[in-house]
Amino acid sequence: MNELDSLVESATQLFAQSATPADLENAKAQFLGKSGRVTELMKGMAQLSVEEKKSRGAAINVAKQAIEAALTARRQALADAELQVQLKAEALDVSLPGRQRGQGGLHPVSLTLERIQGIFGSMGFDVAEGPEIETDWFNFTALNTPEDHPARSMHDTFYVEGGAPGAPNLLRTHTSPVQVRHAVQHVKKHRALLDAGQPMPEIRVIVPGRTYRVDSDATHSPMFHQCEGLWIGENVSFKDLKVIFTAFCRTFFESDDLVLRFRPSFFPFTEPSAEIDIQFQSGPLAGRWLEVAGSGQVHPNVVRNMGLDPEKYIGFAFGMGPDRLTMLRYGVNDLRLFFDGDIRFLSQFQ
Ligand code: DAH
């Protein structure tokens with residue numbers, strides 16, 4: 001092997017041993033740099049004749065090109081290797097399962113409200129809603145609770161700005177005001193029939209919604225839910241209330257032997273009035289009377305405020321607490337758990 005061939009070989013070897021681009025550039029300098037070995041060979045030609053310079057120069061050039069080719073090849077190899085390392089590091093396994101978003105679900109009280117609507121819907125009741133900021137008139141006066149009536153103090157009311165002098169607006173303390181709101185709309189819609197002395201379609205409605213009272217402990221929350229019920233017609237009796245509400249409770253609690261008790265009570269907007277208690281015959285609550293609703297025959301003054309003649313129209317109303325129904329159904333003993341927003345608690349109901 002002549003001197004130039006072995007120069008090419010040692011350059012190729014040194015390049016091959018260079019593990020990084022920086023090493024490779026150092027190795028390059030040893031051969032192709034200003035005082036590199038190829039440059040030295042060129043300089044050494046100064047003494048040679050023109051003829052000799054020609055052939056020697058050509059031979060050195062061939063060697064130089066070979067070294068440059070080896071350098072380029074090694075550069076490329078190092079770059080490829082680096083790319084491979086990078087690709088491996090950034091590798092994406094497309095066969096891995098994606099990150100799942102947890103499946104949401106309804107709040108237990110919403111589940112109860114849906115359940116109530118489903119059951120009453122199957123018995124022909126519509127669903128109505130009303131405002132949470134209510135006037136004094138609809139929340140109290142229209143419901144036969146005049147300003148100085150002691151029943152007003154049964155409700156610890158949150159008053160808000162606005163309203164009439166001496167009768168400020170408030171956060172509704174019950175869903176009962178929607179009885180009157182809904183009935184007034186119903187009467188308006190069927191005004192022509194009423195004026196013609198024709199029978200008006202019955203009012204059969206439930207009103208689920210949020211209600212507010214200044215009250216807070218394990219069984220009371222300042223915001224709570226109620227669901228009102230109202231059935232008004234020409235021939236609706238207390239017996240219908242018993243039948244309807246018994247069917248509702250037995251369906252809601254999936255318990256055919258559930259017993260109901262209508263305990264005489266007082267509400268300004270009903271006469272007679274009753275608290276409704278239920279009793280389970282089996283399970284952890286068996287034998288205890290549990291209050292679930294207030295109810296009664298709608299007071300003639302309220303029927304009048306609905307725009308109807310109490311001599312002709314009669315019916316019943318009830319108001320129940322969906323929060324309490326949810327507690328009884330699932331065996332929860334602290335109402336506040338429903339409103340803390342703790343996902344560990346709430347996700348148990350899905
Ligand atoms: N509004 C009553 C309350 O919040 C509950 C109630 C009682 C509603 C009797 C009614 C009813 O419709 O007839 O305590």
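User: How do α1 and α4 pack, and at what angle?
Analyst: In this predicted model, α1 and α4 pack at an angle of about 15°, and their axes are 9 Å apart. Because angles under 35 degrees count as roughly parallel, α1 is roughly parallel to α4.

User: Left-handed or right-handed, that crossing of α1 and α4?
Analyst: The crossing in which α1 passes α4 is right-handed.

User: Which residues meet there, between α1 and α4?
Analyst: From α1 the residues are E3, L4, L7, V8, A11, T12, F15 and A16, and they meet R56, A59, I60, A63, A66, I67, A70, L71 and R74 in α4. Sorted by class, the contact of α1 with α4 has 13 nonpolar, 1 polar and 3 charged residues.

User: OK, and at what angle do the axes of α1 and α2 cross?
Analyst: The axes of helix α1, residues 3-17, and helix α2, residues 21-32, cross at roughly 165° and come within 9 Å. That makes α1 roughly antiparallel to α2, since angles over 145 degrees are counted that way. The crossing of α1 and α2 is right-handed.

User: What makes the contact on each side?
Analyst: On the α1 side it is L7, S10, A11, L14 and F15, and on the α2 side it is L24, A27, K28, Q30 and F31. The contact of α1 with α2 has, by class, 7 nonpolar, 2 polar and 1 charged residues.

User: And how do α2 and α4 pack?
Analyst: Helix α4 covers residues 50-89, and α2 packs with it at an angle of about 175°, with the axes 11 Å apart. That makes α2 roughly antiparallel to α4. In α2, the residues P21, L24, E25, K28, F31 and L32 meet K64, I67, E68, L71, R74, R75 and L78 of α4. The contact of α2 with α4 divides into 7 nonpolar, no polar and 6 charged residues.

User: Switching to pockets: how much space lies in the largest pocket?
Analyst: The largest pocket holds about 940 Å³ of space. Its lining has 39 residues, and those nearest the centre of the pocket are R213, F224, Q226, E291 and G321.

User: Which elements supply at least two residues of that lining?
Analyst: These are the strands β6 (223-233), β8 (270-279), β9 (290-298) and β10 (314-320), together with the helix α11 (322-330). The largest share of the lining comes from β9, with 5 residues.

User: How does the lining of the largest pocket split by class?
Analyst: By class, the lining of the largest pocket has 14 nonpolar, 16 polar and 9 charged residues.

User: What about the second largest pocket, what volume does it have?
Analyst: The second largest pocket has a volume of about 390 Å³. It is lined by 18 residues, and L285, M327, L328, R329 and G331 are the closest to its centre. Helix α11 gives the most to this lining, with 5 residues. By class, the lining of the second largest pocket has 9 nonpolar, 6 polar and 3 charged residues.

User: Now the backbone: is the peptide bond from E271 to P272 cis or trans?
Analyst: The peptide bond from E271 to P272 is cis, with omega near -5°, and P272 has its place in strand β8. For context, most peptide bonds are trans.

User: And which residue has a positive phi although it is not a glycine?
Analyst: That is N144, with a phi of about 65°, and N144 is found in the loop between α6 (136-139) and β3 (159-164). Most residues other than glycine have a negative phi.

How values were computed:
Residues numbered from 1 in each chain as written. Predicted model: local features only at pLDDT ≥ 70, side-chain atom pairs only at ≥ 80, totals over all residues. Heavy atoms only, no water. 1 Å grid on protein atoms, 1.4 Å probe; cavity = no way out; pocket = protein on both sides within 12 Å on 5 of 7 lines; lining within 4 Å. Points joined across faces, edges and corners; volume = space filled by probe spheres on them. Helix = DSSP H or I, 4+ residues; strand = E, 2+ residues; numbered from the N terminus. Nonpolar A, V, L, I, M, F, W, Y, C, P; charged D, E, K, R; others polar. Axes fitted to C-alpha atoms, helices over the stretch in contact; angles between N-to-C directions. Parallel < 35°, antiparallel > 145°, perpendicular 65-115°, else oblique. Left-handed = near helix turned anticlockwise from the far one by under 90°. Contact = heavy atoms within 4.5 Å.
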